[in-house]
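These are my notes from a first look through one structure. I wrote down what I looked up and what I found.

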Amino acid sequence: MATTGGITYTVAEFNTIITMLGCLCATIQLLTGYYAAYKKKKIGLLRSNEVLFRAHRAFGGFATTLYFLGLFAGLTGFIGAVFFNVPPFEGGSPSFNIHVWPSFAVMVVVIWKTYISYFKKKSVYKKGKWLGIATFIAWAFTWISSAFSYYLRTTPDNPQHPPPTYLMPIELLWLQLLWPFLWGFIIGLVIVRAADKLEKKKEER
Ligand code: HEM
């Protein structure tokens, strides 16, 4: 943490924002993926429908980048906690344990989906249906557990960070947790409606 000219900068909070944006992108991915694979029962629309193709590409790329940025911070924090106790290794704390250990399973799911999405296209058309949903759940878990962990470390009895500057105050934690899902849903809905219009036009032809 550093303070310059009255502005406080904390790496942990920056990382929370990165995770929030990634979760927003993952929500958009869920909507476009769900529309193609479940509503239209044609996963190939993610390639053949111009709107879905562009959206799933763009937001998939953002979600991937944001995940790896967050993972980098998470892993360096983990190494610090294990070897130097900075940040403190809180093996007895439920919020630490709920966020840290399952994050390794999340990492496997996200890396798996990313790998097949970019390098094993045939496999993503087969497994994408359930692995896409699993990736969204993994992302949602990462956001909720990390934001919760962050906020708990700003309370007066555990002041590891100053109170949030860019995020909502702790009284609005519930809204802060919902925020990326809400925006992801709104943006995703706009994209899916545009994609659906295009499909209807194609069907009319
Ligand atoms: C039901 C949900 C989902 C389904 C069915 C699905 C399916 C697919 C398919 C079939 C592709 C290949 C498209 C192509 O031919 O280029 C793809 C690409 C991709 N997906 Fe998903 N996906 C889903 C959710 C997600 C989620 C939640 C994420 C990440 C948060 C994600 C990230 C990506 C990425 C990074 C790509 C590569 C984009 C590119 O080619 O540039 N997907 N997905």
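Is Lys41 buried or exposed? I found Lys41 exposed, because 9 other C-beta atoms lie within 10 Å. The terms I use here are these: a residue is buried if 20 or more other C-beta atoms lie within 10 Å of its own, exposed if 12 or fewer, and partly exposed in between, with C-beta atoms placed from the backbone.

**Entry: the model and its numbering.** This is a predicted model, in which local features need pLDDT of at least 70 and side-chain atom pairs count only at pLDDT 80 or more, while totals for chains, interfaces and linings use all residues. Residues are numbered from 1 along each chain as its sequence is written.

**Entry: the chain as a whole.** I counted elements and noted 7 helices and 2 strands in the protein chain. Helices (H or I, at least four residues) and strands (E, at least two) are DSSP runs, numbered from the N terminus. Their order from the N terminus is β-β-α-α-α-α-α-α-α. Along the principal axes, the C-alpha atoms of the protein chain fill a box of roughly 65 × 30 × 30 Å. Of the 205 residues in the protein chain, 31% are buried. I also looked at contacts, where two residues are in contact if their C-beta atoms, placed from the backbone, lie within 7 Å. Among contacts between residues at least 6 apart in sequence, 71% join residues at least 24 apart.

Entry: I went back to Lys41, which sits in the loop between α1 and α2. Lys41 is not a glycine, yet its phi is positive, about 50°. Asn85, in the loop between α3 and α4, is another non-glycine residue with a positive phi, near 60°. Asn85 is exposed, because 10 other C-beta atoms lie within 10 Å. In the loop between α3 and α4 (94-100) I also found Pro87. A cis peptide bond joins Val86 and Pro87, with omega about -5°.

**Entry: the shell around the ligand.** Which residues come nearest to the ligand? Of the 29 residues around the ligand, the nearest are Gln29, Gly33, Gly60, Gly128 and Gly132. A residue counts as near if its C-beta atom, placed from the backbone, lies within 6 Å of the molecule. At least two residues of the shell come from each of α1 (11-39), α2 (45-48), α3 (50-84), α5 (102-119) and α6 (121-152). The largest share, 10 residues, is from α6. I sorted the shell by class and got 13 nonpolar, 11 polar and 5 charged residues. For this sorting, Ala, Val, Leu, Ile, Met, Phe, Trp, Tyr, Cys and Pro count as nonpolar, Asp, Glu, Lys and Arg as charged, and the others, Gly among them, as polar.

**Entry: helix α5.** I checked the length of α5 against its residue count. The expected span of a helix is 1.5 Å times one less than its number of residues. The 18 residues of α5 should therefore span 26 Å, and the end C-alpha atoms are 26 Å apart, which agrees. Which residues of α5 are buried? They are Val106, Val110, Lys113 and Ser117. These residues lie on the same side of α5, because they cover an arc of only 65° around the axis; the arc is that of the directions from the helix axis to the C-beta atoms. An α-helix has 3.6 residues a turn, so residues three or four places apart point the same way. What covers the buried residues of α5 includes α3 and α6. The face turned away from the buried side carries the exposed residues Phe104, Ala105, Val108, Tyr115 and Phe119.

**Entry: the largest nonpolar core.** A nonpolar core is a set of buried Ala, Val, Leu, Ile, Met, Phe, Trp, Tyr and Cys residues joined through C-beta atoms within 7 Å. The largest one has 33 residues, of which Cys25, Ala26 and Ile28 touch the most other members. At least two residues of this core come from each of α1, α2, α3, α5, α6 and α7. The largest share, 12 residues, comes from α1. Leaving aside neighbours within four places in sequence, I found Cys25 in contact with Phe59, Phe62, Ala63 and Leu66.

**Entry: two residues of α7.** Gly184 lies in helix α7 (residues 173-204). Gly184 is buried, because 24 other C-beta atoms lie within 10 Å. Not counting residues up to four places away in sequence, Gly184 touches Leu24, Thr27 and Ile28. Arg193 is also placed in helix α7, but Arg193 is exposed, with 12 other C-beta atoms within 10 Å.
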